[in-house]
Number of protein chains: 2
Amino acid sequence: MPSKSKKPTIDDVARAAGVSKTTISRYLSGQFDSIAEPTREQIKKAIEALNYRPNRMARGLKRDRSYLIGFVMADIMNPYFTAIMRGAEDICRKHGYNLLVCNTDNDPEQERYYIDLLQAHRIDGLLINTTGYNNEILSELSKDYTSVVLVDRRVPELGFDMIGTDNVQAMEDAMRFLFDLGYERIAYFSEPLGHTSTRLERARKFVEITERHGHPSVNDLYEVDLQVPGQLEQKLEEFLESSKGRFRAIFTGNAVMLLKVTTALQHKGVRVPEDLSIISFDDPEWAQLVVSGITTIAQPTYQIGVQAMELVLKRIEGSKEPAQTIQLPARLIARNSTPKKG
Amino acid sequence: MPSKSKKPTIDDVARAAGVSKTTISRYLSGQFDSIAEPTREQIKKAIEALNYRPNRMARGLKRDRSYLIGFVMADIMNPYFTAIMRGAEDICRKHGYNLLVCNTDNDPEQERYYIDLLQAHRIDGLLINTTGYNNEILSELSKDYTSVVLVDRRVPELGFDMIGTDNVQAMEDAMRFLFDLGYERIAYFSEPLGHTSTRLERARKFVEITERHGHPSVNDLYEVDLQVPGQLEQKLEEFLESSKGRFRAIFTGNAVMLLKVTTALQHKGVRVPEDLSIISFDDPEWAQLVVSGITTIAQPTYQIGVQAMELVLKRIEGSKEPAQTIQLPARLIARNSTPKKG
DNA sequence: TTGTATGCGTTATCAT
DNA sequence: ATGATAACGCATACAA
């Protein structure tokens, strides 16, 4: 048979079952009690025989629902986002929706492009980890009936549901942990703060706590752009020099930074924890293996994904509750990279 | 204004621009030369004023094209698949398509569920890393005009395009590398072979090469189910015992196994590479950090994703070329975990 | 319990 | 260069 074997439609099924398409439609939407037993059987057989799958584009057009949910993240290769995606995907599947995954590389333009595309697909909901530079667009999106949930990064003025880690609490726990251990000098290495709420919250809290303890504060907040070759090495050297002889630690803002710092340290021949201690946000799978265990702050990534999806689904089902901001607690995992002084 | 601000349609634009919807449609599909300059301007303005986005469900219904591409993988949290996804996504975006990401956990039933759902969305193409238990379904899918490209795992009887790593060559390179170094005993640790072509190819080749060299062969092929607690530790112990005193190495089938093995070894107090050498398929970011560098076989994951997407797009555009199987070369990265004998 | 008719937002055919 | 109209596959209001 030549290639023109198009997919069967509801009309084909109706014909095969000897009833009208309305009845088929009823069957498809589960209104079994208003269908006679024998016809129900007929329909079932016809559907199986034809291997019929209702066309979601047609259904979506009619019902104004796509059963598509957008997932827009900065970097889908980053295990942090991947874990969130995994959680979101699990819930999504359970509810018969599909995930449209988009990668922005933290580029506002790419983000805009994708929001447009997703709008064209008439997504029912959107999970987004926004660059923070497309607020007006996001705001309009929500006016058009699309439920938006902010993931990881917050944008208060948008009034959307938001879910992420409790960064302030996490930072406080971590700093207290370090001070209790006797650290005299702590540097915080972050990617450029920009408009990224996560980075901003952590950095600000770091400065605040560090000042409260009479430490050099701002001077030990290092913003490094990992795209610029040599920048990390230079700032690292800067800190190592200025903190020579002190009981010191480097605190990295995420697993990417941790990997880079650890690698650079290894090249420099700096020993962890003998010469320098390390602690980091995120808990990559390899944290326990490197330098006999790196102390980390594990974020509930999977849970964030799960709850974000649950939130958006609730909105899609019509919930009109006021927007909520959920901050899940992080968990500090002490390992050998942060010993006690002495 | 209350919530009923539905999205503008092509009719709204037509009205606003003072022309018929046909003309708008022409404009949208880029047939500018058959539209007068002034009307073109009108239309442009109207579209911007209304913030109009053509509805892809409607367009899809009419043109029988969804601009959606399915991406069905065993584990979207595994960096191996993530890297592939990243490559696929990059190409996808360039062509105005969207990725529908699905996670199967290697479960045939979940795979079936998703194939169904994707069919309902009338995906134009599918990238799949199949469990190998749904061949008939996949076969029918392709009859219905859906282009399928196999990623990573092959299923010859399906006659689909396939792209992955050249496992045979990679295994040969790695084994020669080890033999040249003087290894007397090599164990291969794989996840359960099942129907997974990748695992089968590597394991078979391992046995073949090992026999050719007069080694114990099959006995040193370990299939371990990581879900079963203690199984890895037990088989590890088995090998360590039986190979005591020999110049030996463990070869792991992927990064997941490598992580587990390395962790277990660390707990056992086995030193790498003093007591035992290690080499692994995949090149996770942390490979260079652990035990002063683990020798790996890096697969061209990003490239696989790129080419897989390019293949599927070519099919969507109508290519009728015979199905091709592309095997990209892997790259052995020698590090300190595999020293020379003596 | 079942069927008829209309419309969802597009594109395509055929006119003008 | 532009427009009227008929599909695309489904859901729904209204009839019977």
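## DNA strand C

Helices here (H or I, at least four residues) and strands (E, at least two) are DSSP runs, numbered from the N terminus. A residue counts as near a molecule or strand if its C-beta atom, placed from the backbone, lies within 6 Å of it. The model is predicted: local features need pLDDT of at least 70 and side-chain atom pairs count only at pLDDT 80 or more, while totals for chains, interfaces and linings use all residues. Residues are numbered from 1 along each chain as its sequence is written, and chains are lettered from A and ligands numbered from 1 in the order in which they are written.

Around DNA strand C there are 24 residues, of which Val19(A), Ala36(A), Ile10(B), Asn55(B) and Ala58(B) come nearest. Two or more residues of this surface come from each of helix H2 (21-28) and helix H4 (56-63) of chain A, and from each of helix H2 (21-28) and helix H4 (56-63) of chain B. By class, the surface near DNA strand C has nine nonpolar, 10 polar and five charged residues. Ala, Val, Leu, Ile, Met, Phe, Trp, Tyr, Cys and Pro count as nonpolar, Asp, Glu, Lys and Arg as charged, and the others, Gly among them, as polar.

## DNA strand D

DNA strand D is surrounded by 24 residues, and the closest are Thr9(A), Ile10(A), Ala58(A), Val19(B) and Ser20(B). The largest share, five residues, comes from H4(A). The surface near DNA strand D has nine nonpolar, 10 polar and five charged residues.

## The two copies and their contact

Chain A is superposed on chain B by a rotation of 180° with 0.0 Å of shift along its axis (RMSD 0.0 Å). The two copies are therefore related as by a two-fold rotation axis. Superposition is by least squares on the C-alpha atoms of residues with pLDDT of at least 70 in both copies. The same surface serves both copies, as 100% of the contact residues of chain A recur in chain B.

The contact takes 43 residues from chain A and 43 residues from chain B, where two residues are in contact if their C-beta atoms, placed from the backbone, lie within 7 Å. On the side of chain A that touches chain B, H5(A) gives the most, with six residues. By class, that side has 18 nonpolar, 14 polar and 11 charged residues.

## The shared sheet

An open sheet of 12 strands has the order S11(A)-S5(A)-S4(A)-S3(A)-S1(A)-S2(A)-S2(B)-S1(B)-S3(B)-S4(B)-S5(B)-S11(B), with mixed pairing. Strands pair if DSSP finds at least two bridges between them. Strand S11 (325-328) of chain A and strand S11 (325-328) of chain B stand at the edges, each with a single partner strand, so one side of each is left without a neighbour in the sheet.

S2(A) and strand S2 (residues 98-103) of chain B run antiparallel and are joined by three bridges. Leu99(A) stands opposite Val101(B) in S2(B). Four bridges join strand S5 (residues 161-165) of chain B to S11(B), and these two run parallel. The bridge partner of Gly164(B) in S11(B) is Gln327(B).

## Domains of chain A

Chain A is divided into domain 1 (10-57), domain 2 (68-164 + 302-328) and domain 3 (167-299), with bounds from an automatic or database domain assignment. The C-alpha centres of domain 1 and domain 3 of chain A lie 62 Å apart.
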